[in-house]
Amino acid sequence: MPEPDRDWLAAAERLPIESIWQGGHLLPPSATGEAITRLALITAWTERVRVGTSVLLLPLYHPVVVAKQLADLDSRSGGRVCVGVGVGGEFRQEFEAVGVPLSERGPRTDEGIEILRSLWRGGPVSHRGRFFEFGDVELRPVQPSAMQPGGPPLFVSGRKAPAMRRAARLGDGWMPYLMSPDAYAR
């Protein structure tokens, strides 16, 4: 599905499927939407299925903004949001345009995941890391009682060893990328 479509999503919800996932880029070579914007449309145009990003290139975003956006979507959807995150890198110009060196994408993703989880737990949060720093902030979703406790589940995407280690250390699951069944089994 190149872009979220209300009729397609309505038809998909009538099928015995459990989830719909959508990715996105900031500056790909072809016209395509951005992951959180797409997720917002899918969340608004569905009622039953879980919805998720596959994947959100977390190092391109400030994690405090992402935490708020995803908390609001999760709470408005009644706790149906899942978040697939990855480091990206196939479109160098995306990283250059937002001032993120490709060499920092892994560590930024790790720190971003930690910040998301801290903010989603609730209460005041302070963070002093390599890339992000803030003091005594508190995330308040629009409907906190409808949000999943601790925030949406995070699935780490990738096919190389660093992504698998990140998934084991920081994620709720692993979302392989461009892998054959044999490679997945190995």
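**Salt bridges and the core**

Author: Begin with a pair of side chains: R140 and E138 meet in a salt bridge, at 3.3 Å from N to O. This is a predicted model. R140 is exposed, at 57% relative accessible area, and E138 is partly exposed, at 37%.

Reader: What is the general idea behind such a pair?

Author: Side chains of opposite charge can pair when their charged atoms come close. In this structure there are eight salt bridges.

Reader: Which parts of the chain does the pair of R169 and D110 link?

Author: The side chains of R169 and D110 form a salt bridge at 3.0 Å, N to O. R169 belongs to helix α6 and D110 to helix α5, 59 residues apart. R169 is exposed, at 52%, whereas D110 counts as buried, at 16%. Through shared partners, salt bridges join D110, R166 and R169 into one network.

Reader: Is T109 buried or exposed?

Author: T109 is buried, because its relative accessible area is 1% and buried means under 20%. T109 sits in helix α5 and touches residues including L58, P59 and R166.

Reader: Which residues touch the most other members of the largest nonpolar core?

Author: They are L56, V66 and W120, in a core of 42 residues. Among the elements that each supply at least two residues of this core are α3 (63-76), β2 (50-57) and α5 (105-121). W120 has contacts that include A67, L70, V83, M147 and L154.

How values were computed:
Residues are numbered from 1 along each chain as its sequence is written. This is a predicted model: local features need pLDDT of at least 70, side-chain atom pairs count only at pLDDT 80 or more; totals for chains, interfaces and linings use all residues. Side-chain values use heavy atoms; hydrogens and water are left out. A nonpolar core is a set of buried Ala, Val, Leu, Ile, Met, Phe, Trp, Tyr and Cys residues joined through side-chain atoms within 4.5 Å. Buried means under 20% relative accessible area, exposed over 50%, partly exposed in between (1.4 Å probe, protein chains only). Helices (H or I, at least four residues) and strands (E, at least two) are DSSP runs, numbered from the N terminus. Contact means heavy atoms within 4.5 Å. A salt bridge is a side-chain nitrogen of Lys or Arg within 4 Å of a carboxyl oxygen of Asp or Glu. Lists of a residue's contacts leave out its neighbours within four places in sequence.
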